[in-house]
Structures are given as structure tokens and as C-alpha cells.
2 protein chains.
Amino acid sequence: MLTFKKIPRHIGIIPDGNRRWAEKNGLPKEAGYRWGIAPGIKVYEMALELGVEELTFYGFTHDNTKRPQKQKQAFQEACVEAVRLLSERDADLLVVGNPFSPAFPRELLPYTGRRVRFGRGLIKVNFLVNYGWDWDLTQGLKRCPPGKRGKKSLHQALASADISRIDLVIRWGGRSRLSGFLPVQTVYADFYVVEDLWPDFKPEHFFRALEWYQEQDVTLGG
Amino acid sequence: MLTFKKIPRHIGIIPDGNRRWAEKNGLPKEAGYRWGIAPGIKVYEMALELGVEELTFYGFTHDNTKRPQKQKQAFQEACVEAVRLLSERDADLLVVGNPFSPAFPRELLPYTGRRVRFGRGLIKVNFLVNYGWDWDLTQGLKRCPPGKRGKKSLHQALASADISRIDLVIRWGGRSRLSGFLPVQTVYADFYVVEDLWPDFKPEHFFRALEWYQEQDVTLGG
């Protein structure tokens with residue numbers, strides 16, 4: 001394992017490119033998602049070993065649920081399977097997304113609202129499932145008292161309030177955009193793009209992102 | 001002038017690196033900002049010629065105003081001068097930022113709250129001055145009726161409601177992060193980083209960003 005002079009406290013993962021990977025490999029689009037599960041577990045293991053405190057995976061969004069039924073079912077199943085695999089390891093899991101919708105897999109309901117410990121915990125893992133950036137922010141519209149202002153009270157009012165500020169976002173699949181990934185927590189995040197598609201994950205991708213990150217200064221907008 | 005098969009409707013500009021440029025050139029940090037004015041006018045001219053409909057410049061933020069007084073004064077003056085130069089051209093200008101603060105240059109008050117036409121208009125120009133992402137979002141916390149949800153009503157409730165969704169963000173100065181730049185409007189924006197510092201602006205930077213953009217697909221999260 002390499003050593004780094006600075007490790008991000010909280011890493012966000014955008015695992016994009018499952019459908020493109022399936023097509024490239026002569027498979028129907030929906031077949032790509034299951035190939036994205038093992039890379040997620042690998043990233044979890046590497047983050048744990050490096051001492052990352054918190055890890056957030058972009059599962060699927062409200063926007064994504066407008067896709068064909070076969071794809072929708074495939075990414076829902078992949079999320080459930082990923083949590084099953086994680087439950088055999090050490091993690092404090094929180095699933096964040098709108099649970100009041102048939103698109104939310106009911107197997108994941110026990111992990112919403114409060115963090116659930118698997119094994120010895122050791123690392124916070126957040127999983128965005130049926131998440132929407134506008135849904136996340138509009139919780140704040142309801143709950144934040146108008147008299148209270150500032151970054152902290154705004155963060156506390158989000159549906160994703162229990163997910164902390166993100167230091168580094170890594171996106172696979174070559175696209176250079178956040179696509180609604182936790183707009184408040186990513187405000188100061190450094191953003192790193194991996195050209196390879198997510199099912200083609202290699203440990204070097206993750207290491208290169210960390211190497212790049214350690215050369216970035218942190219100003220938090222100051 | 002080159003031709004492009006696709007031009008972003010709305011471009012966001014993060015003109016970073018003025019202080020680093022000053023230091024590199026043996027000047028005090030605050031001397032960098034005035035060298036950032038001419039590049040801004042050049043980008044405006046190029047955008048106008050290419051038919052870009054809307055252009056948003058990141059002026060300064062609440063976070064920035066915690067810097068030493070000399071720097072604060074220098075970037076405030078640079079914003080005022082940039083607007084003066086723009087007023088001699090064609091643009092529909094809107095300045096967005098908290099005007100109820102001594103950090104807001106009073107010369108720019110006439111351009112808040114409503115768009116002001118210079119010359120024949122021809123292009124919308126937005127200028128973020130004393131802007132804060134939390135300030136922008138917490139306007140929504142007050143004004144958005146709890147019963148109304150969705151991306152559109154959320155956008156309409158922002159302090160920056162009159163700034164439309166951004167297609168492409170170009171950041172100079174090598175840092176790969178949004179630093180609080182319009183978190184709602186940039187949710188689906190493609191993000192392009194120029195390594196050179198903003199006062200070292202060259203037209204090729206802008207052209208290369210547009211060349212890159214035309215190869216990006218647009219999914220809006222779907």
C-alpha cells in the first residue's frame with residue numbers, strides 16, 4: 001500500500017459508465033450494473049485500509065428512475081446486493097434517498113433515518129439511493145427556521161444532513177460534472193475524473209486520484 | 001473565428017489565480033485583480049460573437065471578504081471597473097449578491113434586483129458580487145412554499161433565481177472545484193479547468209473549452 005502525505009477525510013464516488021461498459025462488451029445495457037458491485041467493495045476496502053473516515057457512493061437518482069423498467073430493476077438490485085455484501089464487513093451505513101416512493105428498494109428501508117453498524121463499524125459509508133438534489137434541498141426549505149442562516153444551519157436542514165462535507169469526488173466514466181451529487185456537501189470538493197468506465201475499475205484509478213488530491217490546497221473558499 | 005457544432009447556451013466563468021499571478025510576477029497579491037479585468041471583457045466579446053446567450057462571472061464571495069483589507073478593496077474596485085467597461089458595450093447586466101452588507105460596492109447597487117440594459121443588450125451577463133452559496137440557497141428556505149416541490153420551484157426561490165441553468169463552467173488557475181459557484185444552476189454543468197492563471201488568459205483557453213464541450217453529451221442526469 002502506498003503512503004500519502006494527506007488523505008481526504010471524506011470521499012465521494014460517482015460510479016458512472018455501467019451502461020456504456022455493457023454495450024462495449026456486447027451486453028444489454030441493464031447488464032452493466034451488476035459489474036459495478038465488486039468495484040464498490042474494492043473501493044470500500046482501500047478506503048478503510050487508508051484510514052478514510054467517510055465514503056459516499058452515488059447509487060441512483062430520481063432522474064435515473066425515468067429509464068426503462070429493465071434498467072431500473074437492475075440498478076435497484078445492484079444497490080441491494082452492494083448493501084448485502086457490505087453487511088458482511090465493517091461499516092456504519094446510512095442510506096439517503098426518498099423512501100416514500102415505489103422506486104426505493106424496501107430491503108434498504110432499515111438503513112434510512114439512522115446509521116446502522118455492521119461488524120465493528122470503522123468507517124462511515126453513505127449510499128445515495130433514489131436520491132434527488134432538489135428533494136435533498138427542499139427538505140431544508142421546510143425545516144430551516146427563516147431566522148437561522150449560515151452554512152451550518154443550512155447543512156443541518158438537508159435531507160442528507162447526516163452526510164458531512166466532502167473533500168474529494170472521484171467520477172468514473174469520463175464525464176466532468178457532478179450530476180446533482182450532494183450539491184451542498186460538494187461545494188468545496190476537489191473533483192477528479194477517471195476516463196475508464198466504472199466496471200473497468202482498477203486500484204490505480206483510486207491511487208492516482210489520491211496522489212492528485214495530496215497536491216491540492218484546501219481553502220474552503222477563503 | 002472557429003465554428004463549433006454545439007455552443008453552450010450559458011457559460012459560467014471562474015476567474016481564479018489573480019493573487020498567484022501577482023506573486024509570480026513579483027507584485028503584492030492585491031495587485032493581481034486589476035489584471036483580471038481585460039480578460040473578462042475579452043471573454044464577453046468572444047461569447048457575444050459566438051452567440052452565447054448568457055454569461056456568468058464569479059466576482060467575489062462572502063468567503064473572500066475575510067481576506068486582508070487591501071485585497072478586499074482591490075477586488076471590489078476591479079468589479080466596479082469591469083461593470084463600467086461593460087456599460088460601454090452591449091449587455092443585459094444583472095449583479096447578484098448580498099447588497100445589505102458594507103462589502104457590497106454601492107456603485108453596483110443599481111444593477112441588483114433587475115436586469116439593466118447596456119447598448120443593444122444582445123447577451124445576458126450575470127456578475128456575482130458579494131455572493132454566498134448559503135446566502136443564495138437560504139433565500140429559498142424563506143420563500144419556497146413547503147407544499148411546492150421540484151427543481152423549478154426550488155430554482156425560482158433562490159436569490160439567484162434570474163440566473164438560468166449553466167451548461168459549461170470554465171475555471172482558470174488549475175483548481176478543480178466549484179467553490180460555491182451557483183450550486184443549483186451548476187448541478188448538470190460540464191466543468192472544464194484551465195491550468196493557466198486568469199490574468200494569463202489567452203483566447204485559445206476559451207476555444208479549447210468550447211471544443212471540449214462540443215464532444216460532451218447532455219443527459220441532465222437522465
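Predicted model: local features only at pLDDT ≥ 70, side-chain atom pairs only at ≥ 80, totals over all residues.
A residue counts as buried under 20% relative accessible area, as exposed over 50%, and as partly exposed in between. Keep those cut-offs in mind, since they sort several of the residues below.

**How the two chains meet**

Let's start with the interface. Chain B brings 38 residues to the contact and chain A brings 39 residues. Together they bury about 3,500 Å², with 54% of that on carbon and sulfur atoms. The polar side is well documented too: eight salt bridges cross between chain B and chain A, and 22 residue pairs are in polar contact across the interface, both partners at pLDDT 80 or more. On chain B, helix H4 (133-143), helix H5 (151-157) and strand E7 (190-194) each supply at least two residues of the side that touches chain A. H4(B) gives the largest share of that side, seven residues. Sorted by class, the side of chain B facing chain A has 15 nonpolar, eleven polar and twelve charged residues.

How do the copies relate to each other?

**Salt bridges, across and within chains**

Over all chains, the salt-bridge count comes to 38. Here are four of them:

| Pair | Closest N to O |
|---|---|
| Arg175(B) and Asp217(A) | 2.6 Å |
| Arg177(B) and Asp217(A) | 3.1 Å |
| Asp90(B) and Arg120(B) | 3.1 Å |

Glu215(A) sits in the segment after helix H6 (203-214) of chain A and Lys5(A) in the segment before strand E1 (10-15) of chain A, so the pair ties together parts that are 210 residues apart in sequence. Buried or exposed: which is Glu215(A)? With 54% relative accessibility, over the 50% cut-off, Glu215(A) is exposed. Lys5(A) is exposed as well, at 63%.

The Arg177(B) and Asp217(A) salt bridge is another matter. Arg177(B) is in the loop between strand E6 (168-172) and E7 of chain B, while Asp217(A) is in the segment after H6 of chain A, so this pair joins two chains. Arg177(B) is buried at 3% relative accessibility, and Asp217(A) is partly exposed at 28%.

Back inside chain B, there is the salt bridge of Asp90(B) with Arg120(B). Asp90(B) lies in the loop between helix H3 (69-87) and strand E3 (91-96), and Arg120(B) in the loop between strand E4 (116-118) and strand E5 (124-131), so the pair links parts that are 30 residues apart in sequence. Asp90(B) is buried at 15% relative accessibility, whereas Arg120(B) is exposed at 59%. Salt bridges with shared partners also join Asp16(A), Arg20(A), Arg171(A), Arg175(A), Arg177(A), Asp190(B) and Asp217(B) into one network.

**One more residue**

Finally, a look at Ala157(B), which lies in helix H5 of chain B. Ala157(B) has a relative accessible area of 4%, so it is buried. Its C-alpha atom is separated by 22 Å from that of Arg9(B), 148 residues away along the chain.

Definitions and conventions. Residues numbered from 1 in each chain as written. Chains lettered and ligands numbered in written order. Heavy atoms only, no water. Contact = heavy atoms within 4.5 Å. Buried area = accessible area lost by both parts, 1.4 Å probe. Salt bridge = Lys/Arg side-chain N within 4 Å of Asp/Glu carboxyl O. Polar contact = N/O pair within 3.5 Å; in protein donor to acceptor, adjacent residues only side chain to side chain. Helix = DSSP H or I, 4+ residues; strand = E, 2+ residues; numbered from the N terminus. Nonpolar A, V, L, I, M, F, W, Y, C, P; charged D, E, K, R; others polar. Buried < 20%, exposed > 50% of the residue type's maximum accessible area, 1.4 Å probe, protein only.
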